Amino acid sequence: MSEQKIDGGKRTWLIASSCAGAVGAGFVAVPFVKSFLPSERARAAGASVEVDISGIKPGEKLTVEWRGKPVWVVRRTPEQLAELPKLDPQLADPKSKRGGDEVTPEYARNENRSVKPEYLVVVGICSHLGCSPSDKFVPGAQPSLPDDWKGGFLCPCHGSTFDLAGRVFKDKPAPDNLEVPPHMYLSDSRLLIGESKQA
Ligand code: FES
């Protein structure tokens, strides 16, 4: 996804809407909000959201609202995944040990911080003071980022940076990695946010 598709809540929701609209033919005419209707089970639980992720292309992000928070679903490319282990020495908590299950559920406590390597699912709220970081998926030197930037997120409020697993870099104001919400896959294309098999 290009960088200009990023900032601000309104813009983010436009992205989410367009991604949802790109899902298979049967869904094209379905309004955005209906793409995220809670499942019956979720309604019973009062909080979970079922998402069709089949329209997310490699390198793109879909934003979904869950409990009033933005949840990002990022489909990472093989190249992006290959960079993650190399970043460990630069990260504050590379193995996601801080914060327990609240920050990283056990099933996501791995190098990719995910159930399926391809998909990152995180709450898009900075662990410092709660700003929403911006996508900085394009690698390379650019303002506020190091010259060897591999792609990730930049919090514009105080400069915290996160890699494409939502792991915070060292010596930044944000103390913790981005939160991985409880989630599970109902199928290859259906993701349920708010519940997990271990719950
Ligand atoms: S709120 Fe993100 S760096 Fe301060």
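## Salt bridges and cores in a predicted model

At 30% relative accessibility, Glu118 counts as partly exposed. This model is predicted. Glu118 pairs with Arg75 in a salt bridge, and the structure holds 12 salt bridges. Its largest nonpolar core has 20 residues.

**The Arg75–Glu118 pair**

- The closest N and O atoms of Arg75 and Glu118 are 2.7 Å apart.
- Arg75 sits in strand β3, while Glu118 sits in the loop between α4 (100-103) and β4, so this pair ties together parts that are 43 residues apart in sequence.

**Other salt bridges**

- Glu83 and Lys86 meet through their side chains, at 3.6 Å from N to O.
- Glu83 is partly exposed, with a relative accessible area of 21%.
- Lys86 is exposed, with a relative accessible area of 55%.
- Asp88 forms a salt bridge with Lys95, and their closest N and O atoms are 3.0 Å apart.
- Asp88 counts as buried at 14% relative accessibility, whereas Lys95 counts as partly exposed at 42%.
- Asp88 and Lys95 belong to one network with Glu111, Asp163 and Arg167, joined by salt bridges that share partners.

**Nonpolar cores**

- In the largest core, the residues with the most contacts inside it are Trp72, Val74, Val122, Phe153, Phe162 and Leu178.
- Strands β3 (69-75) and β4 (119-123) are the elements that give two or more residues to this core.
- Another core, of 15 residues, lies apart from the largest one. Tyr119, Val121, Val123 and Tyr185 are among its residues.

Notes: Residues numbered from 1 in each chain as written. Predicted model: local features only at pLDDT ≥ 70, side-chain atom pairs only at ≥ 80, totals over all residues. Heavy atoms only, no water. Core = buried A, V, L, I, M, F, W, Y, C linked by side-chain atoms within 4.5 Å. Buried < 20%, exposed > 50% of the residue type's maximum accessible area, 1.4 Å probe, protein only. Helix = DSSP H or I, 4+ residues; strand = E, 2+ residues; numbered from the N terminus. Salt bridge = Lys/Arg side-chain N within 4 Å of Asp/Glu carboxyl O.
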